[in-house]
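Here is a short briefing on charged pairs and a nonpolar patch. Take a look at the model first, and then we can walk through it together.

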Amino acid sequence: MKTAGVELTRADLSVLDKAGRASKGEVRISTDDSGLILEGLHQQVREVIPSRSGSLRYDRKIWDLCRELLTMLHHRDPLLPGRLALDPSLLARFGKIKTPKGTSPLLDMAINSADDPILIKCGPEFHGALMPVDRSVARGAASRGDQFLW
């Protein structure tokens, strides 16, 4: 099976970001000979990013390294939860935490299971928790379903 690749510029990413926001985050992305196509599922939004294959300059070995990394990540430690579903908007909020001047805003997470709250520490003072999405509920949701889960 051949894997297709799409090369994008920063301007392309900006166009995709704007189209995603205009479509309220519900999109379908596909590719064909013309390039990458983003279509809104509930809003009338359509963007086509023309194919730039081979025209951008960078070390193409990076894709081999990415594939190796993804393969490595699919092999997991049996002591860790295999799958964990989160609402990304809740996780993004932790990026706004201000840490004392001169300290790192590193986010440290303690994950015990796919069903227990994730304990979060950001900086020396902030402690929080994030509740994973129940995968069985998400699997049965009309607006999501199995296609959104591993």
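A residue is called buried under 20% relative accessible area, exposed over 50%, and partly exposed in between, using a 1.4 Å probe and protein chains only. The model is predicted, so local features need pLDDT of at least 70, side-chain atom pairs count only at pLDDT 80 or more, and totals for chains, interfaces and linings use all residues. Residues are numbered from 1 along each chain as its sequence is written, and side-chain values use heavy atoms, leaving out hydrogens and water.

**Salt bridges**
- The count comes to 3 salt bridges, each being a side-chain nitrogen of Lys or Arg within 4 Å of a carboxyl oxygen of Asp or Glu.
- R21 pairs with D17 at 3.0 Å, N to O.
- These two, R21 and D17, sit 4 residues apart in helix 1 (residues 10–22), about one helical turn.
- R21 is exposed at 60% relative accessibility, whereas D17 is partly exposed at 38%.
- R67 meets D64 at 3.2 Å, N to O, and the two are 3 residues apart in helix 2, again about one helical turn.
- Both ends are partly exposed: R67 has 45% relative accessible area and D64 has 43%.
- R46 bridges to E39, with the closest N and O atoms 3.3 Å apart; E39 is partly exposed at 27%.

**Nonpolar patch**
- L69, L70, M72 and L73 make a nonpolar surface patch of about 410 Å².
- Patches take residues with over 30% relative accessible area and no salt bridge, joining like charges within 9 Å and nonpolar side chains (Val, Leu, Ile, Met, Phe, Trp, Tyr) within 5 Å.
- Within helix 2 (residues 61–74) lies L73, which is exposed at 55% relative accessibility.
- Helices (H or I, at least four residues) are DSSP runs, numbered from the N terminus.
- Accessible areas come from the Shrake-Rupley method with a 1.4 Å probe; for residues, only the protein chains shown count as cover.
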